Amino acid sequence: MSDAVRTILQADGVAVKEPTRDDAGFLWDFWYPAARSTEIRGKRLVTAMLLEVPLVLGRTAEGKAFAMRDSCPHRGIPLSYGHFDGQTVECSYHGWRFDACTARCVEIPSLTSQDKLKVERVFAGHYPCEERDGYVWVYMNAVGTRLPETVPAAPALPVFSKKYKITHLACELPSHVDQGIIGLMDPAHGPFVHQSWFWRSKHSIHEKQKQFEPIPYGFRMSPHSPSSNSAPYQLLKRITGEGVTTTIDFVLPNMRLEEIHSGKMWFSSRATVTPVRRDLCRIDFVAAWNLPFLPVFLFRMFGKTFLRQDQETMIKQAEGLKHDPKLMLIDDADRPAKWYFGLKANLLESRRTGAGMVHPMTGPVTLRWRS
Ligand code: FES
Ligand SMILES: [Fe+2]
């Protein structure tokens, strides 16, 4: 059972949600990207933080990435201050050594032949760790819970040909992950935040209508022809001479996937918003494509501009959110945000009760907004 929300019965029999450590609003028991693969090399120990858990990451001599809690189980000093020989991490304080992949203690140097302590029964905290698409992913199971019998595979970016270009971008937002996510799926800020000559101007704002459908743990903006007021799509159409279709998915805990297809040309991207602390999250954006006219440097230039625009906006928003204002979600433009909160609440509820998860959408829905 998840301890995310513990329900207690008050004397009068009214069930209330008791806020726990998890009123930080994190979703445990999912994979999150902790670092880029390229950062983890040689015998370096690298620190990261996910869901307020300090982690130490490294790579064994065989090349396997690992993730341990960055805290020695003896006296709590970060293990990242220790020494890594390619196999075991040695704590800098009293030299206890831990196998990097299992976190099992293999040596306590102070023990004498008289000591009865079973060294192999001592473990540092550790988490499943896999590499995909150039990221080191860590499966964050909740504190005090066991790992599921089979941990699901880490997410992989869909690609549609053997050869393709791929690039990664990241930016930090001084916000709770929920704000980061609803910012990511918000259709109405485009004309105001992302105005630029190469994309679109505020004056091109017009009414839109998009079909959405429920998918497991999320929702999909059904395949459609993308907005005619965006220059890159027009270019793609002109080159392939075929129609362009876009599909956008949001999937819990934090993932927006977009696929664009036109003939044999494709573009695929994934943005994840990862909670670092309750007041800090990070967008990791990876995109792959086989469009011959789109060099990586050019895409990065556009991508960085977009991310910077979002980041600057969220820095300003964080200023306002410090004073804990009441907020509004309006129809239809904020309906995806409502679905996100609904999905999250229903997932926590189903984990708590063990019953199946209820989807907040009952079927396909058409949303209308101007952007
Ligand atoms: S604190 Fe790590 S060995 Fe003592
Ligand atoms: Fe944006």
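A salt bridge is a side-chain nitrogen of Lys or Arg within 4 Å of a carboxyl oxygen of Asp or Glu. With that in hand, let's explore this predicted model, which holds 15 salt bridges and zero disulfides.

**Salt bridges between distant parts of the chain**

- Lys344 and Asp178 meet through their side chains in a salt bridge, with 2.7 Å from N to O.
- This pair links distant parts of the chain, since Lys344 sits in helix α5 and Asp178 in helix α1 (residues 177-184), 166 residues apart.
- Both partners are tucked away from the surface: Lys344 is buried, at 8% relative accessible area, and Asp178 is buried too, at 13%.
- Asp29 forms a salt bridge with Arg351, and their closest N and O atoms are 3.8 Å apart.
- Asp29 lies in the loop between β2 (15-18) and β3 (30-36) while Arg351 belongs to helix α5 (residues 335-353), so this pair ties together parts 322 residues apart in sequence.
- Asp29 counts as buried, with 19% relative accessibility.

**A network of charges**

- Asp331, Asp332, Arg335 and Lys338 are joined in a network of salt bridges.
- Within the bridge between Lys338 and Asp331, the closest N and O atoms are 3.4 Å apart.
- Lys338 is partly exposed at 32% relative accessibility, and Asp331 is partly exposed at 47%.

- Cys101 is in no disulfide, and the nearest cysteine sulfur, in Cys129, is 8.7 Å away.
- Cys101 is partly exposed, with a relative accessible area of 38%.
- For Cys105, the closest cysteine sulfur is that of Cys72, and at 8.0 Å it is too far for a bond.
- Cys105 is buried, at 2% relative accessibility.

Key. Residues are numbered from 1 along each chain as its sequence is written. Chains are lettered from A and ligands numbered from 1 in the order in which they are written. This is a predicted model: local features need pLDDT of at least 70, side-chain atom pairs count only at pLDDT 80 or more; totals for chains, interfaces and linings use all residues. Side-chain values use heavy atoms; hydrogens and water are left out. A disulfide is a pair of cysteine sulfur atoms within 2.5 Å. Buried means under 20% relative accessible area, exposed over 50%, partly exposed in between (1.4 Å probe, protein chains only). Helices (H or I, at least four residues) and strands (E, at least two) are DSSP runs, numbered from the N terminus.
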